[in-house]
Amino acid sequence: MPAAAADPLGGLSHDEAARRLKRYGPNRLVRASRGAAILAFLRTAADPMALMLAAAGAVYYALGERTDAYVLFAAIVPVLAVDVILEARSRTALKKLAGVVAPRARVVRSGVQTEAATADLVPGDLLALKEGDIVHADAVVRSSSNLALDESQLTGEAEPVSKRPCETPGAMPDAAEDSRVYAGSRVLEGQGFAEVTATGERTRYGDLARLVAEVGPRPTPLERKTGRMVRWMVGVAITVSALLFVVRMLGGAPAGKAFLYAVSLAMSAVGEEFLLVLTMFLSIGAYRLSQHGVLVRRLASVETLGSTTVICLDKTGTLTAGEFVLEEHLPLGPEMPEDALLEAAALACEPQAADTMERKILAHCTEHGINVDALHSRWHLEHDYAFDPVGKHMSHVWSSGDGAGGAQRIVAKGALEGIIEHCDLSQADFARAESANAEMAGRGMRVLAVAGRDARPGGFNGVRGSDERGLRLFGLLGFRDPLRAAVPDAVAQCQRAGVELKLITGDHALTAHAIADAAGIAHSDDGIVTGAQLDSVDQPAFEGLVRRCSIFARIRPEQKYAIVEALRRAGEVVAMTGDGINDAPALRRADIGVAMGRRGTEVARAAADIVLLEDDFSAMVATIREGRILLDNIQRAFLYLVGFKVMLVSLTLLAPVFGLPLLLLPVNLVWLEMIVHPVSALAFEGEPAVDDVMRRPPRPPSAPIVERPAAYRAALSGALLTVMALALFALRLRDGENYARSVAMVVAVVGSLFLVWAEYAGTRRWWRVRAPEQRRFWLVIFAVAASLPAFMLTPPLAKLLMIRPIAPADWGIAILAAAIAVGWRAFGTRSVR
């Protein structure tokens with residue numbers, strides 16, 4: 001049957017499709033939970049700081065301190081507001097991403113083939129299917145040409161399942177199984193039209209999808225590390241707070257006061273900000289990458305971008321433009337007419353070719369005098385043998401005329417090494433063909449061989465092995481796929497960043513070598529290996545070749561998977577690029593699967609973590625760069641939190657230990673929480689890269705969230721701030737507790753600003769650091785600094801916070817103390833990365 005290229009049934013009208021959408025609802029495999037929004041709100045409302053503020057407020061209220069209780073209750077609002085605002089910002093970014101990457105289907109509406117969101121598919125819609133498509137609804141095939149699907153998502157069997165049109169008009173419930181296609185399957189070959197019978201949860205895939213949805217997403221390594229750290233901090237805070245409550249009670253303190261002290265300590269120690277910062281940074285980072293034409297489908301991949309050590313590159317469409325040009329044809333042998341090669345090449349293609357390369361062949365034949373339409377009128381396609389991934393070739397069986405005057409012909413095209421296995425060649429012809437193939441491949445061409453033979457009617461028996469035996473080699477076709485202009489610079493940047501590149505392709509080794517040289521991919525003289533060589537070695541030797549070599553040619557899909565697996569076992573963080581169905585297993589297995597957005601099949605995009613919208617490898621460089629910047633900024637925020645939390649906990653704990661009055665009351669902790677939340681979440685997010693971000697080696701995947709020397713420096717800064725604040729608090733107690741607390745608060749608040757600058761500078765000398773250009777950074781810093789005089793000089797606020805204005809000299813002393821506590825880091829340190 002000819003390829004289905006037009007609307008055979010008419011499809012639904014737009015109005016009817018809209019009516020059915022209202023009736024059946026969106027085509028979503030899992031219906032959104034009605035309580036999802038409520039659960040999200042409850043998770044936000046369960047912020048540990050908000051819960052402790054509520055507990056402290058209740059105690060104050062029970063003790064009769066109504067004003068303080070109202071302040072603590074009111075403080076819950078801004079604490080949760082920060083969480084809600086940041087959560088909303090993350091959700092907005094993710095919603096925009098979801099809209100961009102939402103899958104679409106080709107349907108016939110009102111007699112015209114168009115694209116529609118898969119959520120808008122309805123029963124009765126006519127789906128247009130082609131190789132590489134994912135089927136998004138259950139349907140019955142109405143028209144097809146060599147249609148075969150992978151239904152392993154449903155059946156577990158990976159064998160292709162052939163489909164034929166339903167022969168009974170209008171029959172859907174009674175359609176034969178081999179006429180049905182199901183949501184979740186993918187088209188392996190052929191094309192056709194199918195009428196939708198069920199959508200959403202009513203599909204066979206719906207039950208599976210619900211089971212998957214019930215299992216929450218697995219946390220990423222960085223999320224697990226952060227979660228363990230926060231749980232440890234919460235556990236320590238609760239334990240120490242409980243012990244101190246008991247100690248204070250035994251020391252004669254009233255139960256209410258002892259409880260308030262314990263709650264104050266817990267409020268200072270809980271580190272929920274770490275998880276808040278991580279979630280927001282990953283979400284915003286994913287959205288920022290989308291501005292570079294890079295769509296992050298799974299947030300988990302963002303955190304690993306900066307750790308990528310090896311990128312496995314597909315050649316076509318990644319390094320090259322993916323736009324093949326048939327540049328030359330070469331008949332083999334002086335007795336081979338040029339027209340014979342071109343006619344055979346045309347018959348090696350579908351009559352109504354959908355494949356880009358076949359259309360190029362037919363156009364080339366027409367340009368060189370072959371009347372392709374007349375040729376296809378004279379010959380009728382009887383049968384075709386699908387692409388053989390092992391022999392790397394395909395073939396068509398044609399018939400011409402009837403009876404004694406008729407004839408049959410088989411024509412095959414594919415890789416020379418696969419074609420010649422089916423040809424009868426002399427040693428000289430074999431050597432001539434190999435030499436011509438090597439010469440064309442050495443010029444960076446992709447080479448296809450064309451062969452065939454004639455037979456009398458009935459001469460072919462439908463058995464591929466015998467039909468393809470004894471072929472005559474007609475010649476070679478040389479295709480040129482130009483290298484993308486931006487690729488050499490992008491390759492150089494990756495290699496300077498310590499990322500190793502490996503070219504993996506199904507092309508000839510000489511073609512792969514020519515492309516690698518043109519792109520600048522570093523490789524040794526013996527760094528080229530073929531799929532046949534990989535098959536011939538044992539597992540240890542296989543892993544050695546994978547680790548040592550940089551160019552892999554004539555590679556099969558299962559070998560791509562094995563290469564990625566071997567690299568991951570060797571401890572590498574592997575990114576894999578690809579665009580075809582055969583790339584999907586390797587994309588899924590890699591730490592980061594990168595699919596091409598334009599040329600990529602639905603299968604490849606579904607298997608990938610990242611989609612490059614413009615099919616441009618240079619966007620991959622931007623992805624790695626943004627990933628490294630993101631990790632740097634997360635580390636800056638975490639280190640700031642380390643220093644700040646050490647100061648908070650120490651000030652809360654040590655003042656009573658040394659016999660001093662309570663320095664940080666719950667209302668003071670509220671003030672400091674209003675500082676730490678926005679500063680940690682906003683001051684560092686989106687900061688530009690340091691100069692060496694693409695010149696340093698990748699971050700080891702086993703490395704801790706922050707390097708220990710950096711964490712020690714941050715903790716030491718917090719400890720020194722504690723010493724300075726406690727010392728000034730003790731010295732100024734002669735002027736009253738509120739005055740002493742004011743001086744100590746200046747040290748704490750100004751010290752927090754110095755901590756921001758210290759982590760922004762990192763290991764660099766402060767005077768060599770360019771001032772941040774982001775307005776958000778300076779707004780946050782100004783708001784924090786302004787809170788000191790504003791609260792001191794506003795009598796009602798000063799009374800609530802138990803502080804008062806201080807003398808200019810004490811301002812200077814407190815600021816100097818904060819500068820000394822953190823300023824020792826101004827001279828920078830040797831980088832520990």
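This is a predicted model: local features need pLDDT of at least 70, side-chain atom pairs count only at pLDDT 80 or more; totals for chains, interfaces and linings use all residues.
Leu716 sits in helix H27, which covers residues 708-731. Its relative accessibility is 40%, so Leu716 counts as partly exposed.

H27 also pairs up with helix H31 (residues 808-823): their axes come within 8 Å and cross at roughly 155°. That angle is over the 145 degree cut-off, so H27 runs roughly antiparallel to H31. The crossing of H27 past H31 is right-handed.

## Salt bridges

Side chains of opposite charge can pair when their charged atoms come close. In this structure there are 25 salt bridges.

One of them is local: Arg20 and Glu16 meet at 2.8 Å, N to O. Both belong to helix H1 (residues 14-24) and are four residues apart, about one turn of the helix. Arg20 is partly exposed at 24% relative accessibility, and Glu16 is partly exposed at 23%.

## Links across the sequence

Asp133 bridges to Arg106, with the closest N and O atoms 2.6 Å apart. Asp133 is in the loop between strands E3 and E4 while Arg106 is in strand E1, so the pair ties together parts 27 residues apart in sequence. Asp133 is buried, at 12% relative accessible area.

Lys413 and Glu358 form another salt bridge, at 2.8 Å from N to O. This one links distant parts of the chain, strand E13 for Lys413 and helix H13 for Glu358, 55 residues apart. Lys413 is buried at 7%, and Glu358 is buried at 5%.

Terms used:
Residues are numbered from 1 along each chain as its sequence is written. Side-chain values use heavy atoms; hydrogens and water are left out. Helices (H or I, at least four residues) and strands (E, at least two) are DSSP runs, numbered from the N terminus. Buried means under 20% relative accessible area, exposed over 50%, partly exposed in between (1.4 Å probe, protein chains only). Axes are lines fitted to C-alpha atoms, for helices over the stretch in contact, and angles run from 0 to 180 degrees between N-to-C directions. Angles under 35 degrees count as roughly parallel, over 145 as roughly antiparallel, 65 to 115 as roughly perpendicular and the rest as oblique. A crossing is left-handed if the near helix is turned anticlockwise from the far one by less than a right angle, and right-handed if clockwise. A salt bridge is a side-chain nitrogen of Lys or Arg within 4 Å of a carboxyl oxygen of Asp or Glu.
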